[in-house]
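I opened this notebook page to record what I looked up in the structure, going from one side chain to the next and then to the chain as a whole.

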Amino acid sequence: MANKWDERKKAQEDEYFVKKEQEQLAKLRAKQQAESDSAAKQAVTMKCPRCGEALKEETFQKITIDQCSACHGIWLDAGELEQVAEKESGGWLGKFWQKNG
């Protein structure tokens, strides 16, 4: 009879440790996911090349541009200057772009 009790206690002990390991793994996965999300968010957040502050997207004549929240500099992605110049064909930028393009 004592043997069966020992086996039962051993089984309960094994079950307890399996449950604890699963809880720890779940916590570790949640922590890793939070760190991964944080790193991804930080990587996606663009920084101003001039002052290092965060850039926010603004819309100018239906063109999305990036503007610094601190120094208010405006930064254009590839092709955006051409889009602005096309819309400003009568202005100085459009004329400059046509002359030098």
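What is the relative accessible area of Glu-23, and does that make the residue buried, partly exposed or exposed? I read a relative accessible area of 35% for Glu-23, which makes the residue partly exposed. I note at the start that this is a predicted model, and I keep that in mind for every value below.

**Entry 1: salt bridges**

I then looked for the partner of Glu-23 and found Lys-20, with which Glu-23 forms a salt bridge whose closest N and O atoms are 3.7 Å apart. Both residues belong to helix H1, where they lie three residues apart, about one turn of the helix.

I counted three salt bridges in the structure. Another one joins the side chains of Lys-10 and Asp-14, at 3.4 Å from N to O. Why are Lys-10 and Asp-14 about one helical turn apart? They are four residues apart in helix H1, which covers residues 2-44, and therefore about one helical turn separates them. For Lys-10 I noted a relative accessible area of 45%, so this residue is partly exposed, and Asp-14 counts as partly exposed too, at 36% relative accessibility.

There is also a salt bridge between Lys-56 and Glu-58, with the closest N and O atoms 3.8 Å apart. Lys-56 counts as partly exposed at 41% relative accessibility, and Glu-58 likewise at 28%.

**Entry 2: the aromatic pair**

Next I searched for aromatic rings that pair, and the count came to one pair. The rings are those of Tyr-16 and Phe-17, with centres 5.3 Å apart and planes at 75°, so I recorded the pair as edge-to-face. The cut-off behind that step is that planes over 60 degrees apart count as edge-to-face. Tyr-16 is partly exposed, with a relative accessible area of 45%, and Phe-17 is also partly exposed, at 44% relative accessibility.

**Entry 3: the sheet**

In what order do the three strands form their sheet? I found an open sheet in the order S1-S2-S3, with antiparallel pairing. Strand S1 (55-60) and S3 stand at the edges with a single partner strand each, and so one side of each has no neighbour in the sheet. As background, strands of a sheet pair through backbone hydrogen bonds, either parallel or antiparallel.

I followed the pairing of S1 with strand S2 (residues 63-68), which is antiparallel and runs over six bridges.

Glu-58 itself lies in strand S1. Leaving aside neighbours within four places in sequence, I found Glu-58 in contact with Ile-63, Thr-64, Ile-65 and Gln-67. I also checked Glu-58 against Ile-74, 16 residues apart along the chain, and read 9.4 Å between their C-alpha atoms.

**Entry 4: the loops on either side of S3**

Which residue has a positive phi although it is not a glycine? I found His-72, with a phi of about 65°, and placed this residue in the loop between S2 and S3. His-72 counts as exposed, at 51% relative accessibility; the cut-off for exposed is over 50%.

On the surface I noted a nonpolar patch formed by Ile-74, Leu-76 and Leu-81, which together have about 240 Å² of accessible area. Leu-76 sits in the loop between strand S3 (74-75) and helix H2 (80-87). At 38% relative accessibility, Leu-76 counts as partly exposed.

**Entry 5: the chain as a whole**

Last, I looked at the totals. The chain has three helices and three strands, and along the sequence they follow the pattern α-β-β-β-α-α. Of its 101 residues, 13% count as buried. The accessible surface of the chain comes to about 8,700 Å², and 53% of this belongs to carbon and sulfur atoms. Among contacts in the chain with a separation of 6 or more, residues 24 or more positions apart account for 12%.

Note on methods. Residues numbered from 1 in each chain as written. Predicted model: local features only at pLDDT ≥ 70, side-chain atom pairs only at ≥ 80, totals over all residues. Heavy atoms only, no water. Patch = residues over 30% accessible without salt bridge, like charges linked within 9 Å, V, L, I, M, F, W, Y side chains within 5 Å. Areas by Shrake-Rupley, 256 points an atom, 1.4 Å probe, with all protein chains shown as cover. Salt bridge = Lys/Arg side-chain N within 4 Å of Asp/Glu carboxyl O. Helix = DSSP H or I, 4+ residues; strand = E, 2+ residues; numbered from the N terminus. Buried < 20%, exposed > 50% of the residue type's maximum accessible area, 1.4 Å probe, protein only. Phe/Tyr/Trp six-rings, centres within 6.5 Å; stacked < 30°, edge-to-face > 60°. Pairing = 2+ DSSP bridges. Contact = heavy atoms within 4.5 Å.
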